[in-house]
Amino acid sequence: MVAGRASLWLALAVAFPLIGIACSRGGASSVVATLAAAPATGTSPAAAAAITATPTPTSTPTKRPPTVVIDPGHGADEIGAAANSIVEKESNLEMALRVERLLAAQGVRVILTRRADVHANSGPPVTGYTATRLDLQARIDLANAEQADLFVSIHSNGSTNAADRGIESYYNSSRPFVAQNQALASALLRNVIAELRAGGFDVRERGALDDACLRAFQGRCFPLFVLGPGRETTRDEAIRRGGDPAALGFAPGQDSITSRATQMPGALIELLFITNPLDAAILQTDAAREAMARGIVRGIMERLPEVAR
């Protein structure tokens with residue numbers, strides 16, 4: 001994401017025990033019936049009842065594997081930050097695939113909000129504010145539909161000041177799971193920094209930050225869309241931003257709509273500044289990218305036991 005830019009992107013088989021076998025050959029069915037009806041000589045009535053009783057089938061519920069949604073930020077015409085031969089949307093996706101590989105090896109069910117250079121939503125092509133809003137909402141809806149235990153959005157930063165560098169993470173304090181949101185953001189940041197420094201990479205830690213009022217406009221706070229609570233948008237605001245009310249879900253005569261928030265703890269991590277030459281060099285190093293992927297996975301695995309359903 002580009003720092004300071006007013007964008008929504010600142011803102012994804014039960015098995016029953018075998019009881020018996022019915023057989024039609026050689027009169028096996030009648031033999032079974034006879035044995036059941038006529039217990040052996042000397043068998044007590046209680047023992048006979050035990051022999052003839054039919055066991056009740058039981059089932060052992062299969063434990064649901066922990067599910068994590070990984071959200072590679074941007075995509076399609078939303079490129080994110082771009083500098084020093086790095087395009088954020090491409091870097092985000094490549095990193096998400098690394099994280100998926102490492103998480104899957106830990107037995108985690110991983111859902112990616114996108115696997116190609118596309119928007120996350122389907123439907124007729126749209127552009128501008130409408131495309132961005134529908135794309136972000138689709139990422140949230142996917143995470144909710146998959147009943148994810150955690151939502152982690154992966155980005156890299158950008159700034160008009162080339163001296164800005166480092167790694168930061170975000171959580172939201174104005175919706176449910178406040179403590180878990182913050183703990184996840186802190187775990188991601190701490191583990192990514194640790195993995196990079198262990199590999200000999202000099203990186204700056206910028207902190208785990210609350211995005212509840214990341215941007216303020218006309219007395220109203222705007223957090224990162226994918227982390228924040230439901231956001232009310234009026235028809236006039238949508239039109240002013242260049243949006244198509246009908247495509248955004250406004251019914252005829254409807255004055256406002258409210259976005260759907262994620263229903264699980266979530267955090268967003270900004271992996272270095274693409275616009276800083278030193279950070280960009282690290283982002284282009286395979287060993288550093290693998291270290292960041294390991295750090296993200298370590299942060300996720302640290303938090304999963306507390307939130308897994």
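Predicted model: local features only at pLDDT ≥ 70, side-chain atom pairs only at ≥ 80, totals over all residues.
Which residue in E5 does Ile 70 stand opposite? Select both to find out: Ile 70 faces Val 152 in E5.

**Stop 1: the E1–E5 pairing.** Select residues 67–72 for strand E1 and residues 150–157 for strand E5; the two run parallel and are joined by five bridges. Strands in a sheet pair through backbone hydrogen bonds, in either the parallel or the antiparallel sense.

**Stop 2: the whole sheet.** Now show all six strands, which form an open sheet in the order E4-E1-E5-E12-E6-E7. The pairing is mixed. Strand E4 (109–112) and strand E7 (205–210) are the edges, each pairing on one side only. If direction is ignored, neighbouring strands of this sheet are turned by 20 degrees against each other on average.

**Stop 3: strand E12.** Select 266–273, the residues of strand E12. On one pairing, E5 and E12 are parallel and share six bridges; His 155 stands opposite Glu 270 in E12. On another, E6 and E12 run antiparallel, joined by three bridges, and here Ser 169 stands opposite Ile 269 in E12. Eight of the eight residues of E12 are buried, so this strand is largely enclosed by the rest of the structure.

Stay in E12 and pick Leu 272, which belongs to this strand. Its phi is positive, near 70 degrees, although the residue is not a glycine. For context, most residues other than glycine have a negative phi. Is Leu 272 buried or exposed? Its relative accessible area is 0%, under the 20% cut-off, so Leu 272 counts as buried.

**Stop 4: helix H4.** Select residues 128–145. Helix H4 lies across E1, E4 and E5, and runs at about 170 degrees to E1. Of its 18 residues, 13 are buried, so H4 is largely enclosed by the rest of the structure. A length check is simple: at 1.5 Å a residue the helix should span 26 Å, and its end C-alpha atoms are 26 Å apart, which agrees. Following H4, look at Gln 147, which has a positive phi near 50 degrees.

**Stop 5: helix H9.** Select residues 286–307. Helix H9 packs on the sheet, where it touches E1, E5 and strand E12. Its direction makes about 155 degrees with that of E5.

**Stop 6: helix H5.** Phe 177 is another non-glycine residue with a positive phi, about 65 degrees. With a relative accessibility of 30%, Phe 177 counts as partly exposed.

Then select 178–198 for H5 itself. Its 21 residues should span 30 Å at 1.5 Å a residue, and the end C-alpha atoms are 30 Å apart, in agreement. The buried residues of H5 include Leu 184, Leu 188, Asn 191, Val 192 and Glu 195. An α-helix has 3.6 residues a turn, so residues three or four places apart point the same way. Among the elements covering the buried residues of H5 are E5, strand E6 (167–171), E7, E12, helix H8 (277–283) and H9. Just after the helix, Gly 200 takes a positive phi of about 90 degrees.

- Leu 188 lies in H5 and is buried, with a relative accessible area of 0%. Its contacts beyond four places in sequence are Val 152, Ala 267, Ile 269, Gly 295, Ile 296, Gly 299 and Ile 300. Val 152 is the residue from the opening question, opposite Ile 70.
- Setting aside residues up to four places away in sequence, Ser 186 touches Ser 169 and Ala 208. Its C-alpha atom is separated by 7.8 Å from that of Gly 207, 21 residues apart along the chain.

**Stop 7: rings.** Finish with Arg 215 and Phe 222. The charged end of Arg 215 sits over the ring of Phe 222, at 4.8 Å from its centre. How many aromatic pairs does a search of the whole structure find? The search finds zero.

Methods:
Residues numbered from 1 in each chain as written. Heavy atoms only, no water. Pairing = 2+ DSSP bridges. Helix = DSSP H or I, 4+ residues; strand = E, 2+ residues; numbered from the N terminus. Axes fitted to C-alpha atoms, helices over the stretch in contact; angles between N-to-C directions. Contact = heavy atoms within 4.5 Å. Phe/Tyr/Trp six-rings, centres within 6.5 Å; stacked < 30°, edge-to-face > 60°. Lys NZ or Arg CZ within 6 Å of the ring centre and 35° of its normal. Expected span 1.5 Å × (residues − 1). Buried < 20%, exposed > 50% of the residue type's maximum accessible area, 1.4 Å probe, protein only.
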